[in-house]
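Welcome! Please take a moment to look over the sequence and the fold before reading on.

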Amino acid sequence: MKQLPPITLIPADRERLEALAHASLERHPQTAGYLAREIERARVLDDAESGDFVRMGSAVSFRDDSTGQVREVTLTYPDRADIAASRVSVLTPIGAALIGLSKGQKIEWQNPAGEWRTLTVLAVKSPVAEPQPA
């Protein structure tokens with residue numbers, strides 16, 4: 001695997017994602033473990049410093065570099081995920097790969113079939129205020 005690109009999180013996302021990854025280790029060990037490793041290596045910025053990187057609720061346009069297919073998804077928590085509405089859970093391999101990336105960054109990720117793929121972030125739109133789960 002190639003060197004991982006630097007990623008950025010805001011404190012609120014880091015805190016909630018750490019709890020989610022920990023709580024999900026038993027049911028989704030591979031993805032939760034990957035997410036936990038991503039959180040651990042992330043640079044955490046103050047909310048006021050936040051820039052154009054993928055946060056929870058961000059709309060992300062990316063290209064699967066293997067197929068050339070471009071998709072736009074909104075990164076969300078598992079209870080808000082809806083593939084038909086292009087809302088992808090952070091607890092999916094692609095969701096965990098996207099968190100913290102900025103426009104132009106590439107990352108290798110492993111799909112559910114175990115194949116390694118590379119994606120490139122084409123655009124990031126700031127999150128729209130989303131109701132927080134209890």
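This is a predicted model: local features need pLDDT of at least 70, side-chain atom pairs count only at pLDDT 80 or more; totals for chains, interfaces and linings use all residues.

Residues are numbered from 1 along each chain as its sequence is written, and side-chain values use heavy atoms, leaving out hydrogens and water.

**The whole protein**

You will find three helices and seven strands here. Helices (H or I, at least four residues) and strands (E, at least two) are DSSP runs, numbered from the N terminus. Read from the N terminus on, their order is β-α-α-β-β-β-β-α-β-β. Of the 134 residues, 43% count as buried; buried means under 20% relative accessible area, exposed over 50%, and partly exposed in between (1.4 Å probe, protein chains only). Contact means heavy atoms within 4.5 Å. Among contacts between residues at least 6 apart in sequence, 59% join residues at least 24 apart.

**Helix α2**

Helix α2 covers residues 29-41, 13 residues in total, and reaches 18 Å from its first C-alpha to its last. That is close to the expected 18 Å at 1.5 Å a residue, where the expected span is 1.5 Å times one less than the number of residues. Its buried residues are Thr 31, Ala 32, Gly 33, Tyr 34, Leu 35, Glu 38 and Ile 39. The table lists elements included in their cover.

| Element | Residues |
|---|---|
| β1 | 8-9 |
| α1 | 11-24 |
| α3 | 93-98 |
| β6 | 106-110 |

**The largest pocket**

The largest pocket holds about 270 Å³ of space. Of the 15 residues that line the largest pocket, Gln 30, Tyr 34, Arg 37, Gln 110 and Trp 116 are the closest to its centre. On a 1 Å grid over the protein atoms alone, a pocket is an open set of points where a 1.4 Å probe fits, with protein on both sides within 12 Å along at least five of seven lines, and lining residues have an atom within 4 Å of a point. Helix α2 gives the most to this lining, with six residues.

**Met 56**

Where does Met 56 sit? Met 56 is found in the loop between β2 (43-44) and β3 (59-64). Met 56 is buried, with a relative accessible area of 9%. Leaving aside neighbours within four places in sequence, Met 56 is in contact with Asp 13, Leu 17, Leu 75, Thr 76, Tyr 77, Val 90, Ile 99 and Pro 127.

Technical notes: Grid points are joined across faces, edges and corners, and a volume is the space filled by probe spheres set on the points.
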